[in-house]
Amino acid sequence: MTNVLVVSKGHDYDHNAFLAMLAELPDINATLVEQPAAQVILQQPHIADYDAVLFYDMSGIPGVGLTHDRADDNGQPDPAYRQAIEGLLATGTGLVLLNHATVSWPHWPLWRTITGSSFMLQAGELNGKRVPGSGYRGGHGPHPNPTLHLTPQGTHPVLEGLDQGFDITDEIYLKTADFEANVVPLMRGEYEFVSSNFTPPPLAPEQEQADWDHPPGSDLIVWAHAAGNSPVVVSDVGDGPPAYQNPGYQRLLANALHWVASSAARDWARTLGH
């Protein structure tokens, strides 16, 4: 049995459907704790009771009225929370991030390291380059969720039993393509990742939204990488019930949680020496 701490709050979601999905995952014992209480549980000695952490919160975004995360006015975490996350990476605790958790803490460089994503809530500097804000399709935006086929990339424990991939209807993001150089691709989505298919970044200034354009983006939906000593799996999809109730997505999530909690995954992360 893999004991998983699930961290949530800061973004609307169907709690009943999400909890029902977690209950269906084989050999997963999930405990959901909302922010800011989760910031206490993520500290020692409490976190020692868990084999992995699943982040499903959206935190650290100034100016949008979120008060659950104890962030300061510049979107920086409380020092105790910073130390807790740094502690996870030092000890090699496995992490899984879903959907809106990948856009959390945009002004905290360590969180960008953890996600490995190039998603930007508005135009800004990323890895020394000026990039446009990222687009999104579906979710809580004006356009319906797209349906796309997710295709596995190579072989990996997270992909066990998913040889043919699966179709999913859910929110997706338009990200720059260069982030792929630093991650292990796991699943790609069959979709046209061009700005005309996406909604402009919601937190960008009005003029930026009106003039928004984005170069063709990455079709990578699920990836793995290491942050510190921690193995990490990230999935852009996972926004709502169509994903929660999808057998392929359930298998993907269960595989990811079991893998990041394994000694093999921790050994792999340590060898990368990030």
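A polar contact is a pair of N or O atoms within 3.5 Å; within protein, one must be able to donate a hydrogen and the other to accept it, and residues adjacent in sequence count only if both atoms are side-chain atoms. This is a predicted model, in which local features need pLDDT of at least 70, side-chain atom pairs count only at pLDDT 80 or more, and totals for chains, interfaces and linings use all residues. Residues are numbered from 1 along each chain as its sequence is written, and side-chain values use heavy atoms, with hydrogens and water left out.

**Stop 1: helix α3**

Select residues 79–91, helix α3. Helices (H or I, at least four residues) and strands (E, at least two) are DSSP runs, numbered from the N terminus. The expected span is 1.5 Å times one less than the number of residues; for the 13 residues of α3 that gives 18 Å, and the end C-alpha atoms are 18 Å apart, which agrees.

Show D78 next: a side-chain oxygen of D78 lies 2.9 Å from the backbone nitrogen of A80, capping the N-terminal end of α3. After the helix comes G92, with a positive phi near 85°.

Now colour Y81, A84, I85, L88 and L89, which are buried (under 20% relative accessible area; exposed is over 50%, partly exposed in between, with a 1.4 Å probe and protein chains only). They cover an arc of only 135° around the axis, so they sit on the same side of α3; the arc is that of the directions from the helix axis to the C-beta atoms. P79, Q83 and A90, on the other side, are exposed. The buried residues of α3 pack against elements including α2 (37–41), β3 (52–57) and β4 (94–98).

**Stop 2: the cores**

A nonpolar core is a set of buried Ala, Val, Leu, Ile, Met, Phe, Trp, Tyr and Cys residues joined through side-chain atoms within 4.5 Å. The largest has 45 residues, and F18, L54, V96, V233 and Y249 have the most contacts inside it. Helix α7 (residues 247–260) gives the most to this core, with eight residues. A second, separate core of 28 residues includes F55, A84, L88 and V183.

**Stop 3: T102**

Select T102, in the loop between β4 and α4. T102 is buried, with a relative accessible area of 4%. Its side chain reaches the backbone oxygen of N99 at 2.8 Å. Beyond neighbours within four places in sequence, T102 is in contact (heavy atoms within 4.5 Å) with L97, T115, Y173, V234, S235 and D236.
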